[in-house]
Amino acid sequence: MPKSLFDSVAIGKVNIPNRLVRSATWEGMCEESGRPTTRLNELYRRLAEGKVGLIVSGYTYVRPEGKQLPGKMGIYSDDLISSLRELTDAVHDAGGLVFCQLVHAGGQASSRVTGTQPVAPSAVDFPTYTETPRELDPKEIEDIVKAFGEGARRAREAGFDGVQIHGAHGYLVNQFLSPLTNRRTDSYGGSLENRLRFLREVYQAIREQVGDSCPVAIKLTASDNLPGGFEIEDAVKVSSELEKFGIDAIEVSSGTNASGENNPVRRGIDMPEQEGYNTGFAYRIKKAVAIPVMTVGGLRSTRVIENQLNEGFADFFALSRPLIREPDLPEKWKTQPSHKATCISCNGCFVPGRKEGGIYCVVEKQESSD
């Protein structure tokens, strides 16, 4: 019997009502402290009402120096738990599920936002960095690892249904994994085993805080899409190790802001053959592990998704930009399978929204004002 996009599938011990996932997205709707606003809570409520199987929160910084953009959500202090609980309540009241994505931006953080020099595995100039970061010493690495664990604890206390480690798109976990940004000569650098050490310690710190009943997932880069960088062969090995550690699911993405046309959010997705541009990577990883695998990147139609599902490329299908324009897209697809997402992949949702206090679809706003 063919698999359906609307099957219920478990991630760890949590049953997800369908295979559609809202992939993590910067929304720019938090206070300067990282505290969620009522606008953000309402956005998440609309996503839950739209019947997406799982919402993954915008990337949430575990330490103040790990913040990248204004309006980003924070989870670095117990003082934020009550406000984060209001967000998860909004999701749960609408019948939804939400994981908290945990991140440290590392060298992609900005001193203009944090007031301090960014930190990274190595003090190297790199196209994704706005300035040269300072190299982390072993004690600082230990402190950041602990911060990921404490962030996961706060997420659970705030009512999140699970957590996801951001290990892609050139942020700190990816910076440790990639030989382009990790030039260390100690136990955190050199071989892939050493470059994996930071991620392993982050996972272990999280698991110690949340126990076995809480799903712990990862958004993993399959490739930096840059010469000499982290590549799919590395990602397959890392995925196998993550499964041994006990990770519950892997969302497969690729690229960084330095990857040119092969960046994480590609423009002009308007034909079926352009959809699912990371699905080939996801398939390589899915063949290597038995845990659920998600793919993200340019998914716009049920025809493409269900073909990829039944050809065994992935178990879950994550999308973001289409849900900015149509938060009820999953419900539309259930009742109108031939409906194609109206997102035109222009990426206008990311730039103007930053100036005006939050992400939104510029095309929809223009149409509504005409």
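The model is predicted, with local features needing pLDDT of at least 70 and side-chain atom pairs counting only at pLDDT 80 or more, while totals for chains, interfaces and linings use all residues. Residues are numbered from 1 along each chain as its sequence is written, and side-chain values use heavy atoms, leaving out hydrogens and water.

## Pockets and cavities

Let's begin with the open spaces. A pocket here is an open set of points on a 1 Å grid over the protein atoms alone, with protein on both sides within 12 Å along at least five of seven lines; a cavity is a set of points where a 1.4 Å probe fits but cannot get out, and lining residues have an atom within 4 Å of a point. Grid points are joined across faces, edges and corners, and a volume is the space filled by probe spheres set on the points.

The largest pocket has a volume of about 850 Å³. Its lining is built from 36 residues, and those nearest the centre are Tyr-171, Asn-257, Pro-264, Val-265 and Phe-350. By class, this lining has 14 nonpolar, 17 polar and 5 charged residues. In these counts Ala, Val, Leu, Ile, Met, Phe, Trp, Tyr, Cys and Pro are nonpolar, Asp, Glu, Lys and Arg are charged, and the others, Gly among them, are polar.

The second largest pocket holds about 280 Å³ of space. Of the 13 residues that line the second largest pocket, Arg-46, Ile-359, Tyr-360, Cys-361 and Glu-364 lie nearest its centre. Two or more lining residues come from each of α1 (38-49), α11 (321-325) and α14 (362-369). Such elements are DSSP runs numbered from the N terminus, with helices (H or I) of at least four residues and strands (E) of at least two. The lining of the second largest pocket has 8 nonpolar and 5 charged residues, but no polar ones.

The largest cavity has a volume of about 110 Å³. It is lined by 14 residues, and Cys-343, Ile-344, Cys-346, Cys-349 and Cys-361 are the closest to its centre. Both α11 and α14 give two or more residues to this lining, and α11 gives the most, with 3 residues. The lining of the largest cavity divides into 8 nonpolar, 4 polar and 2 charged residues.

## Helix pairs

Axes are lines fitted to C-alpha atoms, for helices over the stretch in contact, and angles run from 0 to 180 degrees between N-to-C directions.

| Helix pair | Angle | Axis separation |
|---|---|---|
| α8 (residues 232-245) and α9 (residues 279-286) | about 40° | 9 Å |
| α1 and α2 (residues 81-93) | about 25° | 8 Å |
| α4 (residues 138-157) and α7 (residues 197-210) | about 35° | 8 Å |

The angle makes α8 oblique to α9, whereas α1 is roughly parallel to α2. Angles under 35 degrees count as roughly parallel, over 145 as roughly antiparallel, 65 to 115 as roughly perpendicular and the rest as oblique.

The crossing of α8 and α9 is right-handed, as is that of α1 and α2; α4 also passes α7 in a right-handed crossing.

Where α8 meets α9, the contact (heavy atoms within 4.5 Å) involves Ile-232, Glu-233, Ala-235, Val-236 and Ser-239 of α8 with Phe-281, Arg-284 and Ile-285 of α9. That contact has 5 nonpolar, 1 polar and 2 charged residues. Between α1 and α2, the contact residues include Leu-40 and Tyr-44 of α1 and Leu-87 and Val-91 of α2. The contact of α4 with α7 has 10 nonpolar, 2 polar and 4 charged residues.

Note on methods:
A crossing is left-handed if the near helix is turned anticlockwise from the far one by less than a right angle, and right-handed if clockwise.
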